[in-house]
Amino acid sequence: MNSSCTKVRRQTLPLHNLLQNRLSPSCLMVISSSRNLSLRIAATVPPDKTSEKIFKTANVLPLNVQANLQLAASLKLIPDVVLPQLVQKHHGAIVYVCFVKLPDKSDQRYQACRIVDFCSDPYGLMSNSEDETVPIRNLEGIFSSILSAVREFGSMDVPPPVIIDSVVPLLLASNSLASVQRLLSKLGRHEEIGSVILALLTDVIPEWNSLSLKELANVNILVEGGSLNIIRKAKHGNNQKVVREIQEFSLDDRYGIVLSSGAVDVHSICESRSFEQSEGKETEPINQLSTKLQDFSLDTVEKQKTVQLRLEEEDERKVVKKELPTMNKPRIYMDDDDVEFDDLDDEDPDDDLDI
């Protein structure tokens with residue numbers, strides 16, 4: 001009797017696969033989202049019947065639904081999805097750094113975590129001694145506090161990850177962008193610290209700051225349009241490429257995030273590029289922002305040349321003569337037949353003055 005065995009391959013959700021298998025100890029993941037006023041207004045305005053039919057025909061979520069999903073993901077992506085997955089993987093050995101709000105102590109998801117509080121007294125105004133509270137302007141003190149919380153778990157085979165609820169307060173507290181980048185790089189390079197995951201609210205800080213932090217990260221999760229766009233750097237031997245995955249999600253009755261296994265669009269957004277590992281210099285991925293700026297500048301130069309040529313042709317065809325306006329200035333008239341004019345002494349001109 002011949003027995004056949006059929007293997008069923010389960011589809012792993014992109015975000016679960018990322019958190020369980022693809023986060024290396026030195027990985028920096030940035031979750032960027034927006035909660036601006038226009039988005040909050042769009043979440044409260046339902047579409048009319050005509051627009052609803054158009055969205056339904058095009059198989060696209062209405063704008064108010066997309067706005068609600070984006071707002072919910074910006075608030076609950078870390079506590080509903082990221083934190084439970086990391087707690088399961090690291091058996092609760094997680095350092096949770098709070099710069100905005102302390103989590104609820106009764107929540108079981110945070111009970112096993114080491115919570116580092118920088119939001120109760122961010123500027124150290126309520127403490128009597130400097131040892132009790134580390135102000136958020138002291139980046140070296142922040143690094144030491146996070147490292148002390150990591151070392152409370154003792155020696156572990158896999159270093160515990162660090163979750164930062166928001167990096168915006170550090171930038172708003174008169175810290176330079178370069179100093180915040182050095183802090184994140186120092187956390188990511190330390191051998192006792194695992195992957196670093198932080199949330200970034202893009203509509204509060206300048207766009208250049210958010211772009212610089214995204215360029216520093218190995219994994220970017222962009223919350224936009226009712227879906228999660230996962231952009232990560234992948235290595236295959238001596239080649240490096242950037243891969244983009246789309247993770248769909250929905251909301252339950254309590255507005256919690258539920259990941260869905262819908263259509264996943266996985267494709268490479270830039271070609272594989274080799275890098276020389278011996279020299280320790282990696283070839284950076286294609287910077288889309290600089291490419292767009294370069295194309296825009298070239299188009300602008302070409303348009304300026306075209307406009308100048310047209311203006312020169314029009315000037316040649318139409319020559320406008322303008323008479324300069326006469327100015328009222330004093331005029332001096334001298335008569336050659338005047339007797340006083342002939343009596344001028346060239347050697348002593350002052351002798352002829354009649355004072």
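This report describes a predicted protein model, from overall confidence down to single residues.

## Basis of the model

Residues are numbered from 1 along each chain as its sequence is written, and side-chain values use heavy atoms, with hydrogens and water left out. Because the model is predicted, local features need pLDDT of at least 70 and side-chain atom pairs count only at pLDDT 80 or more, while totals for chains, interfaces and linings use all residues.

## Confidence

The predictor's confidence in each residue is its pLDDT, from 0 to 100. The protein chain has a mean pLDDT of 75. In it, 68% of residues reach 70 or more. Among the elements, strand β4 (residues 162-164) has the highest mean, 95. Strand β11 (residues 273-274) has the lowest, 32.

Residues 1-10 have pLDDT below 50. Beyond near neighbours in sequence, this stretch has zero contacts in the model (contact: heavy atoms within 4.5 Å). Residues 319-324 also fall below 50. Where pLDDT is low, the predicted coordinates should not be read in detail.

## Overall make-up

The protein chain holds 10 helices and 11 strands. Both are DSSP runs numbered from the N terminus: helices are H or I with at least four residues, strands E with at least two. Of the 355 residues, 36% count as buried. Buried means under 20% relative accessible area, exposed over 50%, and partly exposed in between, with a 1.4 Å probe and protein chains only.

Residues 24 or more positions apart account for 63% of them.

## Helix α1 against helix α4

Two packed helices are described by the angle between their axes and the distance between the axes. Here axes are lines fitted to C-alpha atoms, for helices over the stretch in contact, and angles run from 0 to 180 degrees between N-to-C directions. The axes of α1 (residues 14-21) and α4 (residues 63-90) come within 9 Å and cross at roughly 40 degrees. That makes α1 oblique to α4. Angles under 35 degrees count as roughly parallel, over 145 as roughly antiparallel, 65 to 115 as roughly perpendicular and the rest as oblique. The crossing is right-handed. A crossing is right-handed if the near helix is turned clockwise from the far one by less than a right angle, and left-handed if anticlockwise.

From α1, L15, H16, L19, Q20 and N21 take part. Their partners in α4 include L77, V81 and L86. Within α1, P14, L15, N17, L18 and L19 are buried. Their cover includes α4, β1 (28-33) and β7 (227-236).

## Helix α2 against helix α4

Helix α2 (residues 37-44) also packs on α4. The angle is about 125 degrees, with the axes 7 Å apart. These two helices are therefore oblique to each other. Their crossing is left-handed.

L39, R40, A42 and A43 of α2 meet α4 residues including L63, A67 and L71.

## Two single residues

Q66 lies in helix α4. Q66 counts as buried because its relative accessibility is 18%. Leaving aside neighbours within four places in sequence, Q66 contacts V60, L61, G225 and G226.

L172 sits in helix α6 (residues 168-172). L172 is exposed, with a relative accessible area of 53%. L172 and I205 are 33 residues apart in sequence. In space they are 7.9 Å apart, C-alpha to C-alpha.
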